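Please look over the two chains shown here and keep the view open while reading. The report goes from one chain to the other by way of their contact.

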Amino acid sequence: MRVKCPYCGDRDVHEFVYRGDAAPVRPAADAGEAAFADYVYLRDNPAGPIAEHWYHAQGCRNWLVVERDTRSHAIAAVRLAREAAR
Amino acid sequence: MSRLAAGGLIDRSQPLRFRFDGRDYGGFAGDTLASALIANDVRLVGRSFKYHRPRGLLTAGAEEPNALVTLRAGARAEPNSRATTIELYDGLEAKSQNRWPSLGFDLMAVNGLMSPLFVAGFYYKTFMWPAALWEKLYEPLIRRAAGLGALSGAPDPDHYDKAHGFCDLLVIGAGPAGLAAALAAGRAGARVFLLEQENELGGRLLSERHEIDGRPGHLWAREVADELSALPEVTILRRTTAFGVYDDRSYGAIERVADHLAEPLPGQPRQRLWKIVAKRTILAAGAIERPILFGGNDRPGVMMASAVQSYVNRFAAVPGRRIALFTTSDSGWQVAADLRAAGVEVAALIDPREGAAPMALPDVPLFAGGTVTSTHGRILRSIGVRAAGGRVTRIAADVLAMAGGWNPAMGIGCNLGSRPIWSEAIHSFVLKAPPPGMALAGAAAGRFSLAETIGDGLREGMAAAADMGHEGHAPPMPRTSDDKAGVAAPWHVPGGRGKAFVDFQHDVTDSDIALSVREGFRSVEHLKRYTTLGMATDQGKTSQVNAHALLAMYSGKAIVEAGTVLSRPPYLPVAIGAFAGHHRDADFRPVRLTAGHGWAVEQGARFVDAGQWKRAQWFARPGETGWLETVSREARAVRSGVGLCDVSTLGKIELSGADAGVLLDRLYINNFSTLKVGRARYGVMLREDGIVMDDGTTTRLAEDRYFLTTTTANAARVMQHIDYCRQILWPELDVQAVSVTEQWAQYAVAGPLSRRLLQYLLPDLDLSNEAFPFMAAAETRWRGVPMRIFRLSFSGELAYELGVPAAYGDALVRALMEAGRPLDATPYGTEALGVLRIEKGHAAGNELNGQTTAADLGFGGMMSTKKDYIGRVMAARPGLTDPDRPVLIGIRPVDRVSRLAGGAHLLPTGVPDIAAHDEGHVTSVAFSPMMDGWIGLALLRRGRERIGEHVRAVDLLRGTDVEVEICSPVFVDPEGVRLRG
């Protein structure tokens, strides 16, 4: 598998660390325990496109948002997480 | 000798000697072991897996199921090597397998008599018997009786290489289609990788007598190969098999660099594992001929027609004196014509297809509409033939060549999950939806005639090159000789005499498949598991399609409904050594050495692995009787004098930016934005689920610059976590982070005399308590080099840590030793470090075990209530604040002389040793020179309320049961007087 790092270019997947679903957003400090429990534990497991967080550990050390299809591993887009957050 | 007097592509000027099963034979350069055995009239080459039936060569290629031999001897012995793909070299030594005492007389052949027991599902049915019998009796018996070659058991003396390739176009297979594709794309200027599993390029052209532009096909192949070799952007990898297709156009291939030699040349790898990333791929792997299913089809002497053709045309080795052909394909007729051209007698040509006559064969007895119903002889002597009218005759023949049609070799094309579909046009499966970037050409695409094959290659090669922006003129289409490709569906002769084998290597017959269907295992996937069909080392290359045709027939379905299975990598067996490559023994993983490693070696250090790091464990001195004596001396030296310890392996991270303090406040349970410049503070960070992640000290070097340390084990993880926080959670913060673990060497100088030692080294620095108190930090220079001084203590003594750029680490530790000579400064290792921290009750890896909260470890008071930080909310959950949780305490044996064991469980006195009474466990133990006895840290339920109570430390693995007293985890200097001295 190859990941097109926006900073480093087309690289082998072994350079990256996978984290998981990019959708959960850290709740506000006063959101309460239930909101944090959802944030920490609840994940969708779609068969299809999903945006995920990957870390270019053996490269530029950027966190990336990778849009991947879980059925085919086809990657539709890769963005720097810092930019995706804006 | 059955070598033709002339012809073939062998080099008769280079005779070679080889040895098979202890006998000496001769062959020529260009032979395979299989062709040389045929030329020497060796017709029995192996025994089958289950029934130990005698077997001869079936094929001439990588799909060979029968002729598995052990190649070479000693540590280089390689079991299960296919004789058909072993290039002959002088001095080659090979042995047959799975027979005892000899190939000719195999006692295990008795299994054949018990064949009714070994039917489909045998293993599963046997599992129904008492389990104890299975483990003790059946499994060892089966394992001895069934099987393949044995490994040598000796370390592999050769090395294996890895390589990465990137290209516009990967062409898999250098037959006519692959050569044409590579030529078209190569001339257009594309970067091409051409892979061929053999040394010789040409594929079928080497074995057939077809002509291209009026000359033998193999000459055309050689010309194309020569031109390709001269093109700068074309790489030809010979003896290389593509074994797998992976995501995003990545391919795995194995290059057998030195397998054709007795041993690799000096410096040469035995094999090379390729990872190839190809924008486009053309799969031109050809096709595999399928056997015909009839009783006795596994008798030595029954071979594939294409194999007979290959042995005769390419190797000038004739497998028999009188050869009969049983063919349902036009290609079988061509083989008969080739045999006649070579002067070999053709006993009969039997073609069940009514009226098929693709060519004239004037002096061959034809049985149109006939079938072969039986075979006879220990090694084939005659066959029974039923003519179209029903009359059965016996025909003398020592070889029966089967031509049952062709299955495209598209195996790796299915690796990503694309399912082949049945084609009525070619009566086989074809791949209609290859993986992204891949096209099929020639026989692999189900287009078998030579003209179609070359046409395919040229067209696909041009298309791929054009896709990559390389335009060119297509090479002209050459003229080829007539090549008919008519074929019937997979053919089964019911009711013949003897077993009709489908999977030769795993001994699966037509009746096994019928049984599987009767017993309800009717999907292709169930059939495979139930009968083990296609699960041998040949992965069913000759059996899969026939089996699925039978399955369809027995279950009353059309084969298009029954479907076929997908193949997974590897296409051929690949040695594990090739995947390991150079990563074995000492090079298994990278080794990280600290700057002071050489110094530690000189000091007699023994090292321990801490992740990839080598850390000094202790420094034994002459006369010391064991590690405990050494470690106790080192620990005592720190408590009473001064010791030196390399702490460079701790993770080090620099944070800078206006918001660095804000980020730290969110990372740690305690505050860092309030830390004064020039001061350090201990901190604990949690995971978002409220469990402790790591701990360490953080120093504020400037208003906007912090230096934090992590545990050795968590260095990478914490770096990743910090990057996650500043890039994803709070990208608005102005803060940069960089790992400087390898940039700084750091040494702890610990003990009551540490200040004096430092004063020798840095006479101008005021290290008094007033000027440089506990937790002070400063940046200075030493011999003109930047130096950081921290007054930190892991040991609980007056102590400092000194950091210098890694290049000066060695110089610093030597200078420290020199300055410390009058004070008897003592190097100490990780064991003494452990003793000292256990005496002080400091938590380390054993306590930060991924299950403990800050409160469990006694850091509850550090948890800020005035700010948000990672893990704050979840750490407040009832389960993590339960007063019944195990918490950190100290333990000592009640009798003061017993030894403690880490991992022991804590149970009340007077209860049975069962899990229901488990109250916690011992995390760390040490012999404490200060306490003159064993001490330990433990996690014990409600431990802090139970100081003084006695419990038992029970270790059922080591068989120990020690009564211990619960005490404070701080054994030495609980008031911290020494620390601040």
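What follows describes a predicted model, beginning with chain A.

## Chain A: overall layout

Chain A holds two helices and six strands. Along the sequence their order is β-β-β-α-β-β-β-α. The C-alpha trace of chain A spans about 40 × 30 × 20 Å along its principal axes.

## The sheet of chain A

Four strands of chain A form an open sheet in the order β3-β4-β5-β6. The pairing in this sheet is antiparallel. Its edge strands are β3 (17-21) and β6 (75-80) of chain A, each pairing on one side only. On average, neighbouring strands of the sheet are turned by 25° against each other, direction ignored.

β4(A) pairs with β5 (residues 63-69) of chain A over seven bridges, in the antiparallel sense. Within that region, A:Y55 has A:W63 of β5(A) as its bridge partner. Five bridges then join β5(A) to β6(A), again with antiparallel strands. A:E67 stands opposite A:A77 of β6(A). The hairpin of β5(A) and β6(A) has five residues between the strands. In this hairpin, A:H73 takes a positive phi near 65°.

## Where the chains meet

## α18(B) and its helix partner

Within chain B, α18(B) packs with helix α17 (residues 660-667). The angle between α17(B) and α18(B) is about 115°, and their axes are 11 Å apart. The crossing of α17(B) past α18(B) is right-handed.

Which residues of α17(B) meet α18(B)? They are B:L663, B:R666 and B:L667. Their counterparts in α18(B) are B:I722, B:C725 and B:R726. This contact of α17(B) with α18(B) has four nonpolar, no polar and two charged residues.

Helix α10 (residues 510-518) and helix α11 (residues 524-531) of chain B have axes that come within 10 Å. These axes cross at roughly 120°, which makes α10(B) oblique to α11(B). α10(B) passes α11(B) in a right-handed crossing.

From α10(B), the contact takes B:D512, B:I513 and B:S516. From α11(B) come B:L527, B:Y530 and B:T531. By class, there are three nonpolar, two polar and one charged residues in this contact.

## The six-stranded sheet of chain B

Chain B has an open sheet of six strands, in the order β40-β41-β42-β39-β33-β43. The pairing here is mixed. β40 (777-782) and β43 (826-827) of chain B are the edge strands, each pairing on one side only. Strand β41 (residues 785-790) and strand β42 (residues 799-805) of chain B run antiparallel and are joined by three bridges. B:R788 stands opposite B:G803 in β42(B).

Two helices lie across strands of this part of chain B. Helix α16 (residues 627-640) of chain B lies across β33 (643-646), β39 (744-750) and β43 of chain B. α16(B) runs at about 115° to β33(B). Helix α20 (residues 809-819) of chain B lies across β33, β39 and β42 of chain B. The angle of α20(B) to β39(B) is about 15°.

## Annotated spans of chain B

UniProt, in an unreviewed entry, lists "domain: SoxA A3" for residues 498-581 of chain B. In the model, that span is 44% helix and 6% strand. The end C-alpha atoms of residues 498-581 lie 47 Å apart.

A further UniProt annotation, also from an unreviewed entry, is "domain: Aminomethyltransferase C-terminal", covering residues 889-973 of chain B. Residues 889-973 of chain B are 0% helix and 47% strand. The end C-alpha atoms of this stretch are 16 Å apart.

Methods:
Residues are numbered from 1 along each chain as its sequence is written. Chains are lettered from A and ligands numbered from 1 in the order in which they are written. This is a predicted model: local features need pLDDT of at least 70, side-chain atom pairs count only at pLDDT 80 or more; totals for chains, interfaces and linings use all residues. Two strands pair if DSSP finds at least two bridges between them. Axes are lines fitted to C-alpha atoms, for helices over the stretch in contact, and angles run from 0 to 180 degrees between N-to-C directions. UniProt positions are given in the numbering used here, feature names are shortened, and annotations may be inferred rather than shown by experiment. A crossing is left-handed if the near helix is turned anticlockwise from the far one by less than a right angle, and right-handed if clockwise. Two residues are in contact if their C-beta atoms, placed from the backbone, lie within 7 Å. Ala, Val, Leu, Ile, Met, Phe, Trp, Tyr, Cys and Pro count as nonpolar, Asp, Glu, Lys and Arg as charged, and the others, Gly among them, as polar. Angles under 35 degrees count as roughly parallel, over 145 as roughly antiparallel, 65 to 115 as roughly perpendicular and the rest as oblique.
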